[in-house]
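Subject: Structure handover

Hello,

Here is the structure I promised to pass on. Please open it first, then read the notes below.

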Amino acid sequence: MKLNMAEDDDYMSDSFINVQEDIRPGLPMLRQIREARRKEEKQQEANLKNRQKSLKEEEQERRDVGLKNALGCENKGFALLQKMGYKSGQALGKSGDGIVEPIPLNVKTGKSGLGHEALLKRKAEEKLESYRRKIHMKNQAEEKAAEQFRMRLKSKQDEMKLEGDLRRSQRACQQLDTQKNIQVPREAWYWLRLEETEEEEEEEKEQDEDEYTSEDLSVLEKLQILTSYLREEHLYCIWCGTAYEDKEDLSSNCPGPTSADHD
């Protein structure tokens, strides 16, 4: 008897009193979360099994089952087709070029009236078309603005190039006229810089009022007049940078009287 008691566990011993529990941080919380998830999953499974199907769902299931099954001889319409020579799986029509599968059944479940879906579709298409037109017009406006900017930039560049060619022509004209001992240019603006005497200023004021002045001419017109003068009087082309020996040499070796001819 004593031996049996010794073999039994002593609940007051250190083996029971000093047992340390697992108190790692977060462990009880993890256990609670897992337990809550298991209960939630079990509840969802029970709800799914016990859920009563709605009338629409039951109708849909019955409809799907009926559509999956082929028509039998008990169907009057199918029986009439068989009497006319129709066989299952055969295409309709005398020549056999008709449909094989039945016309699909599209069940309308909404409460909207007939034609409402077509109206919504048409409105959506009109809205999409209006949006596309707006995008197209916006792109056109941006392209037009970019083209106008390019034209203005090109016009500015062309104007600066004309002014540079005019200054070169004036500089060349003054140099060539001086070499021929021409003291006064044919027109005041033919030379780049001209120091006028008081007598010349008075003579210019006494000129006929109908005669145009340099301010009446554009840069292009001045350039055309001055380059023609250089070609006729000095046989010189500013774009070639060459003074030719005679008119025949000029016409033979110079591409033309404009900057475009030298491109």
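A salt bridge here is a side-chain nitrogen of Lys or Arg within 4 Å of a carboxyl oxygen of Asp or Glu. By that rule the count comes to six salt bridges.

Before the details, two notes on the source. This is a predicted model, in which local features need pLDDT of at least 70 and side-chain atom pairs count only at pLDDT 80 or more, while totals for chains, interfaces and linings use all residues. Residues are numbered from 1 along each chain as its sequence is written, and side-chain values use heavy atoms, with hydrogens and water left out.

**Overall layout**

The chain has nine helices and two strands. Both kinds of element are DSSP runs, numbered from the N terminus: helices are H or I with at least four residues, strands are E with at least two. Along the sequence the pattern reads α-α-α-α-α-α-α-α-β-β-α.

Burial comes next. Buried means under 20% relative accessible area, exposed means over 50%, and partly exposed lies in between (1.4 Å probe, protein chains only). Of the 263 residues of the chain, 14% count as buried.

**Salt bridges**

Start in helix 6 (116-179). K161 forms a salt bridge with D165, and their closest N and O atoms are 3.4 Å apart. K161 and D165 are four residues apart in helix 6, so about one helical turn separates them. R168 also meets D165 in a salt bridge, at 3.2 Å from N to O. R168 and D165 are three residues apart in helix 6, again about one turn of the helix.

How accessible are these residues? D165 is buried, with a relative accessible area of 5%. K161 is partly exposed at 43%, and R168 is partly exposed at 36%.

Another salt bridge joins the side chains of E233 and R186, at 3.2 Å from N to O. This pair links distant parts of the chain: E233 is in helix 8, R186 is in the loop between helix 6 and helix 7, and they are 47 residues apart. E233 is partly exposed, at 35% relative accessibility. R186 is exposed, with a relative accessible area of 51%.

**Aromatic rings**

A pair of aromatic rings is described by the distance of the centres and the angle of the planes. Rings of Phe, Tyr and Trp (its six-membered ring) pair if their centres lie within 6.5 Å; planes under 30 degrees apart count as stacked, over 60 as edge-to-face and the rest as tilted.

How many aromatic pairs does the structure hold? There are two. The rings of W189 and Y190 have centres 4.8 Å apart and planes at 70°, so this pair is edge-to-face. W189 counts as buried at 9% relative accessibility. Y190 counts as buried at 4%. Y190 also pairs with Y229, and that pair is tilted: 5.1 Å centre to centre, with 55° between the planes. Y190 lies in the loop between helix 6 and helix 7 (198-205) and Y229 in helix 8 (residues 219-233), so the pair ties together parts that are 39 residues apart in sequence. Both Y190 and Y229 are buried. Together, ring pairs link W189, Y190 and Y229 into a cluster.

**Cavity**

Rolling a probe the size of a water molecule over the atoms shows where empty space is left. On a 1 Å grid over the protein atoms alone, a cavity is a set of points where a 1.4 Å probe fits but cannot get out; lining residues have an atom within 4 Å of a point. Grid points are joined across faces, edges and corners, and a volume is the space filled by probe spheres set on the points.

The count comes to one cavity of 30 Å³ or more. The largest cavity has a volume of about 40 Å³. Which residues line the largest cavity? They are T227, L230, R231, Y236, C237, I238, W239, G256 and P257. Helix 8 and strand 1 (236-237) each supply at least two residues of this lining. Helix 8 gives the most, with three residues.

Best regards

Note on methods. 1 Å grid on protein atoms, 1.4 Å probe; cavity = no way out; pocket = protein on both sides within 12 Å on 5 of 7 lines; lining within 4 Å.
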